[in-house]
Amino acid sequence: MKSHHSVIIIGSGPSGLTAALYTARANLAPLVIEGFEAGGQLMLTTDVENYPGFVDGILGPELMDTFRKQAQRFGSTFITEDVSEVDFDSRPFKVFVGEDLYTADSVIVSTGATAKTLGLASESRLMGRGVSTCATCDGAFFRDQPLAVVGGGDSAVEEATFLTRFASNVTLVHRRDQLRASKIMQDRALSNPKIDFAWNKVVTDVRGDDKVSALELEDSVTGEKKELDVAGLFVAIGHIPNTSLFEGKLELDPTGYLLVGHDLTNDWSPGSQLATRTSVEGVFGAGDVADHVYRQAVTAAGTGCMAAMDAERWLEIQGH
Ligand code: NAP
């Protein structure tokens, strides 16, 4: 494996692999350091019905495999390991994978975000089989069935409200007796006749053999346990952007998301117009690592394309 590359892409979800496809087709022969958990969050889903181009839907892992093969076809190379350290202080940039050093004229950061989970063995066993971290993606699979959402922030309340379009009813399970969500979102949920609230309740088990059938809930005040019959559990307790590698090296927002484009105050002309630029000239960001709002495969792919075009344009300006 050669050690210097025009472009190194860190991460291999929809954004990283789209960036790989575009930079590969621009003859930049990108190196994708795809990580041990290659493929990103879609690897944890079953059917994907909202990615355009697949009339009958496609399985998440199959979709990512297709993305990867397409990027490979045009000359992307892959390392299936995690990046251990980066040095963006000077160019060429340095990217370490254990003892191995790779250098690059430009880097695209597409390390994604990880949905927080409850940490139950049954939750992970039934992930994609009734347990989901994305209501927009999976809500429509549960027409006229009872659902639960766990969490008490804006995401949980928004997801519960959204899911009432499909579900027979939605129970919002929250570990306290007060929501963290903004007042307006709370009011909307509290007045929605299809939403019930299970206050002071902790999900202690997800029941079901090959798909979710019920939850075991424990009252956090009395310790009492009860079962709630549901066909699906949506876990909406927050996301963690995968940016620990970049702390102190790239500008992040207070919650750890990578800042890109207009959110940045510095101006590195001639690249200041580029929507995916980061605080370091020549480093670009794409996908959920820089997006706490949309978080969709198709939006991640879109920003991956943008980062590739930005990197390509920037490299050309630099005379590479
Ligand atoms: P969040 O505000 O951090 O809320 C997480 C919720 O999950 C909290 O209610 C928390 O309970 C609960 N929780 C955390 N860990 C848990 C666990 N292990 N078990 C059970 N419950 C757990 O996260 P978020 O709702 O994803 O929102 C993130 C940010 O995005 C916020 O700034 C939010 O305002 C914003 N957002 C905005 C919108 C919108 O405006 N449309 C939509 C979505 C998100 P506690 O309350 O007890 O801590």
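Colleague: What makes the crossing of helix α5 and helix α6 left-handed, and how close do their axes come?

Modeller: In this predicted model, the axes of α5 and α6 (residues 183-190) come within 10 Å and cross at roughly 35°, where axes are lines fitted to C-alpha atoms, for helices over the stretch in contact, and angles run from 0 to 180 degrees between N-to-C directions. A crossing is left-handed if the near helix is turned anticlockwise from the far one by less than a right angle, and right-handed if clockwise, and α5 passes α6 in the left-handed way. The model is predicted, so local features need pLDDT of at least 70 and side-chain atom pairs count only at pLDDT 80 or more, while totals for chains, interfaces and linings use all residues. Residues are numbered from 1 along each chain as its sequence is written, and side-chain values use heavy atoms, with hydrogens and water left out.

Colleague: Which residues of α5 and α6 meet, and how do they divide by type?

Modeller: D154, V157, E158 and T161 in α5 meet M185, Q186 and A189 in α6, contact meaning heavy atoms within 4.5 Å. These residues divide into 3 nonpolar, 2 polar and 2 charged, for Ala, Val, Leu, Ile, Met, Phe, Trp, Tyr, Cys and Pro count as nonpolar, Asp, Glu, Lys and Arg as charged, and the others, Gly among them, as polar.

Colleague: Why are β10 and β13 called edge strands?

Modeller: The open sheet has 5 strands in the order β10-β17-β11-β12-β13, with parallel pairing, and two strands pair if DSSP finds at least two bridges between them. β10 (131-132) and β13 (195-198) each pair on one side only, so they are the edge strands. Strand β12 (residues 169-173) meets the definition with β13, as the two pair in the parallel sense over 4 bridges, and V170 has I195 in β13 as its bridge partner. Helix α5 (residues 154-163) packs on this sheet, touching β11, β12, β13 and β17, and its direction makes about 170° with that of β11. The names themselves follow DSSP runs numbered from the N terminus, with helices (H or I) of at least four residues and strands (E) of at least two.

Colleague: How do you know that β14 and β15 pair, and what lies between them?

Modeller: Strand β14 (residues 201-207) and strand β15 (residues 214-219) pair in the antiparallel sense over 6 bridges, and V206 has L215 in β15 as its bridge partner. They form a hairpin with 6 residues between them, and G208 in the turn has a positive phi of about 140°. β15 also pairs with β16, in the antiparallel sense over 5 bridges, and the open sheet of 3 strands has the order β14-β15-β16.
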